[in-house]
Amino acid sequence: MAGYDDRDGQIWMDGTLADWRDANVHILTHALHYASSVFEGERAYNGKIFRSREHSERLHYSAGQLDFEIPFTVDEIEAAKAEVLKANGLTDAYVRAVAWRGAGPDMGVASARNPVRLAIAAWEWGAYYGDAKMKGAKLDVSKWKRPSPETIPSHAKAAGLYMICTLSKHAAEAKGCSDAMMFDYRGYVAEATGANIFFVKDGEVHTPKPDCFLNGLTRQTVIGMLEDRQVKVHERHIMPEELESFQQCWLTGTAAEVTPVGQIGDYNFEVGSLTRDIAEGYEQLVRT
(Lines give C-alpha, C1' and ligand atoms only; values in the text may rest on other atoms or scores of the structure.)
Protein backbone atom coordinates (compact mmCIF):
# COMPACT_ATOMS: atom_id res chain seq x y z
CA MET A 1 0.00 0.00 0.00
CA ALA A 2 1.36 3.42 -0.97
CA GLY A 3 2.33 5.75 1.84
CA TYR A 4 0.60 9.05 2.44
CA ASP A 5 3.45 10.80 0.64
CA ASP A 6 3.05 8.76 -2.55
CA ARG A 7 -0.47 9.17 -3.90
CA ASP A 8 -2.28 10.71 -6.81
CA GLY A 9 -4.32 13.82 -6.10
CA GLN A 10 -4.14 17.46 -5.10
CA ILE A 11 -3.35 19.14 -1.78
CA TRP A 12 -4.14 22.80 -1.12
CA MET A 13 -1.10 24.68 0.19
CA ASP A 14 -0.95 28.38 1.01
CA GLY A 15 -3.65 29.36 -1.46
CA THR A 16 -3.03 27.06 -4.42
CA LEU A 17 -3.43 23.40 -5.30
CA ALA A 18 -0.25 21.33 -5.54
CA ASP A 19 0.30 17.83 -6.84
CA TRP A 20 0.10 15.41 -3.92
CA ARG A 21 3.72 14.24 -4.18
CA ASP A 22 5.01 17.82 -4.39
CA ALA A 23 3.25 19.07 -1.23
CA ASN A 24 6.43 19.19 0.84
CA VAL A 25 8.15 21.38 3.44
CA HIS A 26 11.79 22.09 4.26
CA ILE A 27 13.60 19.95 6.85
CA LEU A 28 14.17 23.07 8.99
CA THR A 29 10.47 23.82 9.26
CA HIS A 30 9.95 25.14 12.80
CA ALA A 31 6.93 22.90 13.47
CA LEU A 32 8.97 19.76 12.81
CA HIS A 33 11.43 20.69 15.57
CA TYR A 34 9.25 22.51 18.09
CA ALA A 35 5.66 21.29 17.43
CA SER A 36 4.39 24.76 16.49
CA SER A 37 1.45 23.25 14.62
CA VAL A 38 -2.32 22.94 14.95
CA PHE A 39 -4.76 20.87 12.93
CA GLU A 40 -8.32 19.74 12.37
CA GLY A 41 -9.68 16.34 11.41
CA GLU A 42 -13.02 16.52 9.61
CA ARG A 43 -15.31 14.16 7.70
CA ALA A 44 -17.30 14.87 4.57
CA TYR A 45 -20.51 12.91 4.00
CA ASN A 46 -22.28 13.10 0.64
CA GLY A 47 -20.05 16.03 -0.31
CA LYS A 48 -20.72 18.07 2.84
CA ILE A 49 -18.26 18.42 5.73
CA PHE A 50 -20.02 17.90 9.05
CA ARG A 51 -19.77 21.01 11.25
CA SER A 52 -17.24 22.38 8.79
CA ARG A 53 -17.24 26.01 9.83
CA GLU A 54 -16.85 25.14 13.51
CA HIS A 55 -13.76 23.13 12.61
CA SER A 56 -12.31 26.12 10.74
CA GLU A 57 -13.10 28.43 13.63
CA ARG A 58 -11.43 26.03 16.06
CA LEU A 59 -8.34 25.92 13.85
CA HIS A 60 -8.05 29.69 14.24
CA TYR A 61 -8.63 29.41 17.99
CA SER A 62 -5.94 26.73 18.35
CA ALA A 63 -3.45 28.82 16.40
CA GLY A 64 -4.12 31.72 18.73
CA GLN A 65 -3.45 29.49 21.71
CA LEU A 66 -0.03 28.73 20.19
CA ASP A 67 0.62 32.44 19.60
CA PHE A 68 0.35 32.60 15.84
CA GLU A 69 -2.23 33.82 13.36
CA ILE A 70 -3.36 31.90 10.30
CA PRO A 71 -3.06 34.14 7.21
CA PHE A 72 -6.39 32.93 5.80
CA THR A 73 -9.87 33.75 7.06
CA VAL A 74 -12.45 31.19 8.08
CA ASP A 75 -14.32 31.88 4.83
CA GLU A 76 -11.16 31.30 2.81
CA ILE A 77 -10.50 28.03 4.64
CA GLU A 78 -14.07 26.92 3.95
CA ALA A 79 -13.63 27.65 0.25
CA ALA A 80 -10.31 25.83 0.19
CA LYS A 81 -11.80 22.68 1.73
CA ALA A 82 -14.52 22.64 -0.92
CA GLU A 83 -11.86 23.10 -3.58
CA VAL A 84 -9.86 20.15 -2.26
CA LEU A 85 -12.86 17.81 -2.26
CA LYS A 86 -13.74 18.84 -5.81
CA ALA A 87 -10.17 18.57 -7.10
CA ASN A 88 -9.88 15.03 -5.75
CA GLY A 89 -13.36 13.91 -6.80
CA LEU A 90 -14.36 13.06 -3.22
CA THR A 91 -17.78 13.16 -1.57
CA ASP A 92 -17.18 10.88 1.44
CA ALA A 93 -13.75 11.68 2.84
CA TYR A 94 -11.57 12.59 5.76
CA VAL A 95 -10.32 16.18 5.57
CA ARG A 96 -7.14 17.34 7.31
CA ALA A 97 -6.39 21.05 7.68
CA VAL A 98 -3.04 21.85 9.27
CA ALA A 99 -1.40 25.20 10.08
CA TRP A 100 2.19 25.56 11.23
CA ARG A 101 5.19 27.82 11.62
CA GLY A 102 7.36 27.18 8.61
CA ALA A 103 11.03 27.62 7.81
CA GLY A 104 12.31 31.19 8.05
CA PRO A 105 14.88 33.42 9.72
CA ASP A 106 14.34 31.87 13.17
CA MET A 107 15.53 28.39 14.07
CA GLY A 108 15.49 28.47 17.85
CA VAL A 109 12.57 28.05 20.21
CA ALA A 110 11.29 31.51 19.32
CA SER A 111 9.96 31.83 15.77
CA ALA A 112 7.95 35.05 15.53
CA ARG A 113 9.55 35.99 12.20
CA ASN A 114 8.81 32.69 10.48
CA PRO A 115 5.89 32.47 8.03
CA VAL A 116 2.72 30.65 9.03
CA ARG A 117 1.71 27.99 6.51
CA LEU A 118 -1.63 26.29 5.87
CA ALA A 119 -2.40 23.08 4.00
CA ILE A 120 -5.57 21.06 3.43
CA ALA A 121 -5.69 17.46 2.24
CA ALA A 122 -8.51 14.94 1.85
CA TRP A 123 -8.64 11.20 1.33
CA GLU A 124 -10.96 8.24 1.69
CA TRP A 125 -10.79 6.78 5.19
CA GLY A 126 -13.04 4.03 6.49
CA ALA A 127 -13.90 3.11 10.08
CA TYR A 128 -11.12 4.29 12.39
CA TYR A 129 -11.35 1.19 14.60
CA GLY A 130 -12.14 -1.35 11.88
CA ASP A 131 -14.85 -3.82 12.90
CA ALA A 132 -15.13 -2.40 16.44
CA LYS A 133 -18.40 -0.73 15.45
CA MET A 134 -19.98 -4.17 15.57
CA LYS A 135 -18.33 -5.90 18.53
CA GLY A 136 -16.81 -3.04 20.53
CA ALA A 137 -13.24 -1.80 20.69
CA LYS A 138 -10.72 -3.17 23.15
CA LEU A 139 -8.83 -0.49 25.08
CA ASP A 140 -5.64 -0.60 27.10
CA VAL A 141 -5.10 1.76 30.05
CA SER A 142 -2.28 4.19 29.30
CA LYS A 143 0.55 4.89 31.71
CA TRP A 144 0.61 8.48 30.38
CA LYS A 145 -1.76 11.08 31.78
CA ARG A 146 -3.37 14.13 30.25
CA PRO A 147 -1.44 17.08 31.70
CA SER A 148 -2.68 20.04 33.68
CA PRO A 149 -3.96 23.07 31.71
CA GLU A 150 -1.37 25.04 33.67
CA THR A 151 1.34 23.23 31.72
CA ILE A 152 -0.09 23.22 28.18
CA PRO A 153 -2.86 24.93 26.15
CA SER A 154 -5.04 21.88 26.70
CA HIS A 155 -8.06 23.15 24.74
CA ALA A 156 -6.11 23.70 21.54
CA LYS A 157 -5.98 20.96 18.93
CA ALA A 158 -2.22 21.21 18.80
CA ALA A 159 0.11 18.60 17.31
CA GLY A 160 2.45 18.56 20.30
CA LEU A 161 -0.31 17.44 22.64
CA TYR A 162 -0.62 14.18 20.72
CA MET A 163 2.89 12.93 21.44
CA ILE A 164 1.82 10.98 24.53
CA CYS A 165 -1.22 9.78 22.59
CA THR A 166 1.05 8.19 19.99
CA LEU A 167 3.07 6.49 22.73
CA SER A 168 -0.13 5.26 24.39
CA LYS A 169 -1.64 3.91 21.18
CA HIS A 170 1.56 2.11 20.19
CA ALA A 171 1.67 0.42 23.59
CA ALA A 172 -1.99 -0.53 23.27
CA GLU A 173 -1.59 -2.00 19.80
CA ALA A 174 1.38 -4.06 21.01
CA LYS A 175 -1.07 -5.69 23.46
CA GLY A 176 -3.66 -6.38 20.77
CA CYS A 177 -5.86 -3.41 21.68
CA SER A 178 -7.38 -0.80 19.38
CA ASP A 179 -6.59 2.18 21.58
CA ALA A 180 -5.86 3.31 25.12
CA MET A 181 -7.87 5.17 27.71
CA MET A 182 -5.99 7.92 29.52
CA PHE A 183 -6.42 9.36 32.99
CA ASP A 184 -5.76 13.04 33.66
CA TYR A 185 -3.10 14.53 35.92
CA ARG A 186 -5.45 14.21 38.94
CA GLY A 187 -6.21 10.54 38.31
CA TYR A 188 -9.69 11.05 36.82
CA VAL A 189 -10.83 9.24 33.66
CA ALA A 190 -10.10 11.58 30.74
CA GLU A 191 -10.37 10.26 27.17
CA ALA A 192 -8.88 7.88 24.61
CA THR A 193 -5.87 8.92 22.52
CA GLY A 194 -7.98 10.63 19.87
CA ALA A 195 -11.56 10.37 21.06
CA ASN A 196 -13.80 11.38 23.96
CA ILE A 197 -15.44 8.69 26.10
CA PHE A 198 -18.96 8.04 27.40
CA PHE A 199 -20.34 5.50 29.87
CA VAL A 200 -23.86 4.23 30.58
CA LYS A 201 -25.20 3.23 33.98
CA ASP A 202 -28.84 2.43 34.67
CA GLY A 203 -30.02 4.31 31.58
CA GLU A 204 -28.07 7.49 32.33
CA VAL A 205 -24.88 8.67 30.65
CA HIS A 206 -21.68 9.76 32.36
CA THR A 207 -18.81 11.48 30.55
CA PRO A 208 -15.64 13.15 31.85
CA LYS A 209 -15.71 16.90 32.28
CA PRO A 210 -13.42 18.37 29.59
CA ASP A 211 -11.48 20.71 31.84
CA CYS A 212 -8.02 19.53 30.75
CA PHE A 213 -8.62 18.01 27.32
CA LEU A 214 -10.40 18.84 24.08
CA ASN A 215 -14.19 19.18 24.18
CA GLY A 216 -14.68 17.46 20.84
CA LEU A 217 -17.27 18.61 18.31
CA THR A 218 -18.53 15.03 18.00
CA ARG A 219 -18.75 14.88 21.80
CA GLN A 220 -20.89 18.03 21.79
CA THR A 221 -23.06 16.60 19.01
CA VAL A 222 -23.67 13.36 20.89
CA ILE A 223 -24.55 15.17 24.12
CA GLY A 224 -27.15 17.10 22.11
CA MET A 225 -28.51 13.85 20.70
CA LEU A 226 -28.82 12.36 24.18
CA GLU A 227 -30.61 15.44 25.48
CA ASP A 228 -33.02 15.27 22.53
CA ARG A 229 -33.77 11.69 23.59
CA GLN A 230 -34.43 12.83 27.19
CA VAL A 231 -31.42 10.83 28.41
CA LYS A 232 -29.80 12.38 31.48
CA VAL A 233 -26.14 13.28 30.91
CA HIS A 234 -23.70 13.76 33.78
CA GLU A 235 -20.56 15.71 32.79
CA ARG A 236 -18.34 15.16 35.79
CA HIS A 237 -15.08 13.83 37.16
CA ILE A 238 -15.06 10.02 37.00
CA MET A 239 -12.87 7.95 39.30
CA PRO A 240 -11.08 4.82 37.98
CA GLU A 241 -12.89 2.54 40.44
CA GLU A 242 -16.21 3.55 38.88
CA LEU A 243 -15.40 1.70 35.65
CA GLU A 244 -16.62 -1.55 37.18
CA SER A 245 -20.12 -0.13 37.68
CA PHE A 246 -20.72 1.01 34.08
CA GLN A 247 -22.67 -1.23 31.72
CA GLN A 248 -21.96 0.37 28.34
CA CYS A 249 -19.24 2.54 26.86
CA TRP A 250 -18.51 4.29 23.60
CA LEU A 251 -15.99 6.68 22.04
CA THR A 252 -16.70 9.79 19.98
CA GLY A 253 -14.52 11.70 17.53
CA THR A 254 -14.47 12.88 13.95
CA ALA A 255 -12.36 9.90 12.90
CA ALA A 256 -13.88 7.46 15.43
CA GLU A 257 -17.45 8.76 14.85
CA VAL A 258 -19.40 6.78 17.50
CA THR A 259 -17.57 3.55 18.30
CA PRO A 260 -18.75 1.07 20.97
CA VAL A 261 -16.21 -0.14 23.53
CA GLY A 262 -16.29 -3.76 24.68
CA GLN A 263 -13.35 -3.76 27.08
CA ILE A 264 -11.07 -1.37 28.97
CA GLY A 265 -8.29 -3.20 30.77
CA ASP A 266 -10.02 -5.77 32.98
CA TYR A 267 -13.48 -4.19 32.64
CA ASN A 268 -16.05 -5.42 30.12
CA PHE A 269 -19.02 -3.58 28.60
CA GLU A 270 -21.98 -4.64 26.53
CA VAL A 271 -22.76 -3.06 23.17
CA GLY A 272 -26.21 -2.17 24.44
CA SER A 273 -29.30 -0.59 22.94
CA LEU A 274 -28.42 3.00 23.86
CA THR A 275 -24.93 2.65 22.38
CA ARG A 276 -26.36 1.24 19.15
CA ASP A 277 -29.05 3.91 19.01
CA ILE A 278 -26.54 6.75 19.35
CA ALA A 279 -24.17 5.19 16.81
CA GLU A 280 -26.96 4.71 14.28
CA GLY A 281 -28.47 8.12 15.03
CA TYR A 282 -25.13 9.83 14.50
CA GLU A 283 -24.67 8.08 11.16
CA GLN A 284 -28.07 9.35 10.06
CA LEU A 285 -27.42 12.87 11.36
CA VAL A 286 -24.13 13.42 9.52
CA ARG A 287 -25.72 12.34 6.24
CA THR A 288 -28.80 14.53 6.60
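Which residues form one aromatic cluster?

Guide: In this predicted model, Tyr4, Tyr94, Trp123 and Trp125 together make up one aromatic cluster. One member of that cluster, Tyr4, also has a charged neighbour: Arg7 lies over the face of the Tyr4 ring, at 4.0 Å from the ring centre.

Aromatic pairs are counted across the structure, and the count comes to ten. One of them joins Phe199 and Phe269, whose ring centres are 6.2 Å apart. As for their places in the chain, Phe199 belongs to strand β10 (residues 196–201), whereas Phe269 sits in the loop between β15 (267–268) and α7 (273–286). The pair therefore ties together parts that are 70 residues apart in sequence. Phe199 is buried, its relative accessible area being 0%. Phe269, with a relative accessible area of 8%, is buried as well, because buried means under 20%.

The cysteines may be considered next. A search of the whole structure finds zero disulfides. For Cys165, which is in no disulfide, the nearest cysteine sulfur is that of Cys212, 12 Å away. Cys165 counts as buried, at 5% relative accessibility. Cys177 is likewise in no disulfide, and its nearest cysteine sulfur, that of Cys249, is 13 Å away. At 9% relative accessibility, Cys177 also counts as buried.

Key. Residues are numbered from 1 along each chain as its sequence is written. This is a predicted model: local features need pLDDT of at least 70, side-chain atom pairs count only at pLDDT 80 or more; totals for chains, interfaces and linings use all residues. Side-chain values use heavy atoms; hydrogens and water are left out. A disulfide is a pair of cysteine sulfur atoms within 2.5 Å. Buried means under 20% relative accessible area, exposed over 50%, partly exposed in between (1.4 Å probe, protein chains only). Rings of Phe, Tyr and Trp (its six-membered ring) pair if their centres lie within 6.5 Å; planes under 30 degrees apart count as stacked, over 60 as edge-to-face and the rest as tilted. Helices (H or I, at least four residues) and strands (E, at least two) are DSSP runs, numbered from the N terminus. A charge sits over a ring if NZ of Lys or CZ of Arg is within 6 Å of the ring centre and within 35 degrees of the ring normal.
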